[in-house]
Amino acid sequence: MNFFNSQKESDPQQLVRVKSWVSEVFDLSEDISVMITQLQCTEEGCPPIETVIAIMETPGKPRQYKIHKPLADVDQTDIVSLTAD
C-alpha cells in the first residue's frame, strides 16, 4: 500500500463537510477527534484511492472506516452507510 496522498489537492471545505457529517451521523461529542485521510494504493485488488475515516474516541484504538472513493466524491450517504457495518 502506498501511503502517499493523491496528486490532486484536497478541498479543505470538503474535508470540513465530511468531518461534520461523521460527527453528526455517529453523534460524536465535540471533544472526539475525527481524522480523515485519502490514500492511494497500487497493489493488486486494492482500490486505487480510498478515504479512511478514523474516529479517535478511545486512546490507541480508533474506530476506522474505509470508503473506496476519493474524498472529493464522498457524500453524506456514504457516511450514513458506514453505520450499517
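Modeller: Ile49 sits in strand E2, which covers residues 49-56. Strands here are DSSP runs of E with at least two residues, helices are runs of H or I with at least four, and both are numbered from the N terminus. Keep in mind that this is a predicted model: local features need pLDDT of at least 70, side-chain atom pairs count only at pLDDT 80 or more, and totals for chains, interfaces and linings use all residues. Residues are numbered from 1 along each chain as its sequence is written, and side-chain values use heavy atoms, with hydrogens and water left out.

Back to Ile49. Its relative accessible area is 21%, so it counts as partly exposed. The classes are: buried under 20% relative accessible area, exposed over 50%, partly exposed in between (1.4 Å probe, protein chains only). Ile49 and Pro70 lie 21 residues apart along the chain, with 5.7 Å between their C-alpha atoms.

Thr51 also belongs to E2. This residue is buried, because its relative accessibility is 0%. Its side chain comes to 2.8 Å from the backbone oxygen of Lys69. That is a polar contact: a pair of N or O atoms within 3.5 Å; within protein, one must be able to donate a hydrogen and the other to accept it, and residues adjacent in sequence count only if both atoms are side-chain atoms. Leaving out residues up to four places away in sequence, Thr51 touches Ile36, Thr37, Gln38, Tyr65, Lys66, Ile67, Lys69, Pro70, Leu71 and Val74. Touching, or contact, means heavy atoms within 4.5 Å.

Strand E1 (33-40), E2 and helix H2 (76-82) are among what covers the buried residues of H1. H1 itself takes in residues 12-25. Its 14 residues reach 20 Å from first C-alpha to last, close to the 20 Å expected. The expected span is 1.5 Å times one less than the number of residues. Gln14, Val18, Trp21 and Val22 of H1 are buried. Seen down the axis, the buried residues of H1 fall within an arc of 100 degrees, so they line one face of the helix. That arc is taken over the directions from the helix axis to the C-beta atoms. The face turned away from the buried side carries exposed residues: Pro12, Gln13, Val16 and Glu24.

At its start, a side-chain oxygen of Asp11 comes within 3.0 Å of the backbone nitrogen of Gln13. After the helix comes Asp27, with a positive phi near 50 degrees.

Next, the disulfide. Cys41 and Cys46 are joined, S to S 2.3 Å. The cut-off for a disulfide is a pair of cysteine sulfur atoms within 2.5 Å, and one is found by that rule. The link of Cys41 and Cys46 is right-handed, with 130 degrees about the S-S bond. Cys41 counts as buried because its relative accessibility is 7%. Cys46, with 22%, is partly exposed.

Now the whole chain. Two helices and three strands make it up, in the order α-β-β-β-α from the N terminus. Of its 85 residues, 29% are buried. Among contacts with a separation of 6 or more, 42% link residues 24 or more positions apart.
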